[in-house]
Amino acid sequence: MKTISENKCFGGIQGVYSHPSKVCGVEMTFGLFLPAEAKDGPVPVLWYLSGLTCTHENAMTKAGAQAWAAEQGIALVFPDTSPRGEGVANDEAYDLGQGAGFYVNATQEPWAPHFQMWDYITEELPRVITANFNIDEERQSITGHSMGGHGALTIAMNLPGRYRSVSAFSPICNPTQSDWGRKQLAAYLGSDESKWRKHDASILMEDVGFDGPVLIDTGSKDQFADLLKTEELAAAIAKRRQPATLRIQDGYDHSYFFVSTFIEDHVAFHAEALYS
């Protein structure tokens, strides 16, 4: 593992690191905020999965999460959204290829050799982080924005017992029925739609739900509302009678101005679960 940068931040350290990834076959970069409490012992961790076109840097610099994580004594992990670099498959469109990994393990060419983001987020990167930093692997929660909200919800529901809580900002809720989803799932996983189901939060919510607290925020003026399909997830929550809070925030859009407005709520929400 290489240290790219470390800066003191709200009494803790905001670092950026890279490491050779076996599952993705390239060097991967991530951000990690460690609160001051990490000097004295393992701290709980909140994973933040970013959206389309983002790198590890977007949420790290725009969300303002470190102030609230420092207040709660929680570490924050900011992974990248896909493998990158020379020799890694890409597409001219912004919503496929580099920057658009969709948190799945690709099985189709040309994506399969590097686009193994599910295993990277759920297996490899946690091992790297717990081996090198004072992180309590028994106390984890997960959140994300847009494509990352999709990733947070689907990963949490597919791995019962791993995360104590899950939240999302403007998540892609029903990708098997959305242009933000069908294109990418077909490209990465092939035409057999039965293999897409584990990557659809609305289907998973109805089928298995989540054994813990759930918080979802989306804006009433989100410019991508037709692609997010929030109403499908709301219907699944109601049908399952899943304990959850889903808030439509009046006047807010899809941007990081929206995320930064409500990030305090989400960090506090996860802190309650992580310290309970």
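How many of the residues of strand E5 (residues 75-79) are buried in this predicted model? Five of its five residues are buried, and the strand is mostly covered; buried here means under 20% relative accessible area, exposed means over 50%, and partly exposed lies in between (1.4 Å probe, protein chains only). Residues are numbered from 1 along each chain as its sequence is written, and side-chain values use heavy atoms, with hydrogens and water left out. Because the model is predicted, local features need pLDDT of at least 70 and side-chain atom pairs count only at pLDDT 80 or more, whereas totals for chains, interfaces and linings use all residues.

**View 1. The whole chain, with its nine helices and nine strands.** Helices (H or I, at least four residues) and strands (E, at least two) are DSSP runs, numbered from the N terminus. The chain has nine helices and nine strands. Its radius of gyration is 17 Å, close to the 19 Å that the globule rule gives for 276 residues, so the chain is as compact as a globular protein of that length; the radius is taken over C-alpha atoms, and the rule is 2.2 Å times the number of residues to the power 0.38. The C-alpha trace spans about 50 × 45 × 35 Å along its principal axes, and buried residues make up 59% of the 276 residues. Of the contacts (heavy atoms within 4.5 Å) between residues at least 6 apart in sequence, 72% join residues at least 24 apart. The accessible surface of the chain comes to about 11,300 Å², with 47% of it belonging to carbon and sulfur atoms, as given by the Shrake-Rupley method with a 1.4 Å probe, where for residues only the protein chains shown count as cover.

**View 2. Strand E5 and its pairing with E3 and E4.** Both faces of E5 are covered, with Ala 75, Val 77 and Pro 79 buried on one side and Leu 76 and Phe 78 buried on the other. Two strands are taken to pair if DSSP finds at least two bridges between them. Strand E3 (residues 27-34) runs antiparallel to E5 and is joined to it by four bridges, while strand E4 (residues 43-49) pairs with E5 in the parallel sense over three bridges. Leu 76 of E5 stands opposite Phe 33, and Leu 76 is also the bridge partner of Leu 46.

**View 3. Helix H4 (residues 147-158), with eleven of its twelve residues buried.** From its first C-alpha to its last, H4 reaches 16 Å, close to the 16 Å expected at 1.5 Å a residue; the expected span is 1.5 Å times one less than the number of residues. Eleven of the twelve residues are buried, so the helix is largely enclosed by the rest of the structure. Among these buried residues are Met 147, His 150, Leu 153, Ile 155 and Met 157.

**View 4. Backbone details at Tyr 103, Pro 110 and Ser 170.** In the loop between E5 and helix H3 (117-132) lies Pro 110, which is joined to Glu 109 by a cis peptide bond with omega of about 5 degrees. Tyr 103 lies in the loop between E5 and H3 as well, and although Tyr 103 is not a glycine, its phi is positive, about 55 degrees; Tyr 103 is buried, with a relative accessible area of 0%. Ser 170, in the loop between strand E7 (166-169) and helix H5 (179-189), also has a positive phi, near 45 degrees, and at 0% relative accessibility Ser 170 counts as buried.

View 5. The side chains of Lys 183 and Asp 95 meet at 2.7 Å, N to O. A second salt bridge joins Glu 206 and Lys 239 (2.9 Å, N to O).

**View 6. The salt-bridge network of Asp 217, Arg 247 and Asp 265.** Arg 247 and Asp 217 meet through their side chains at 2.7 Å, N to O. Arg 247 is partly exposed, with a relative accessible area of 25%, whereas Asp 217 counts as buried at 0%.

Key
A salt bridge is a side-chain nitrogen of Lys or Arg within 4 Å of a carboxyl oxygen of Asp or Glu.
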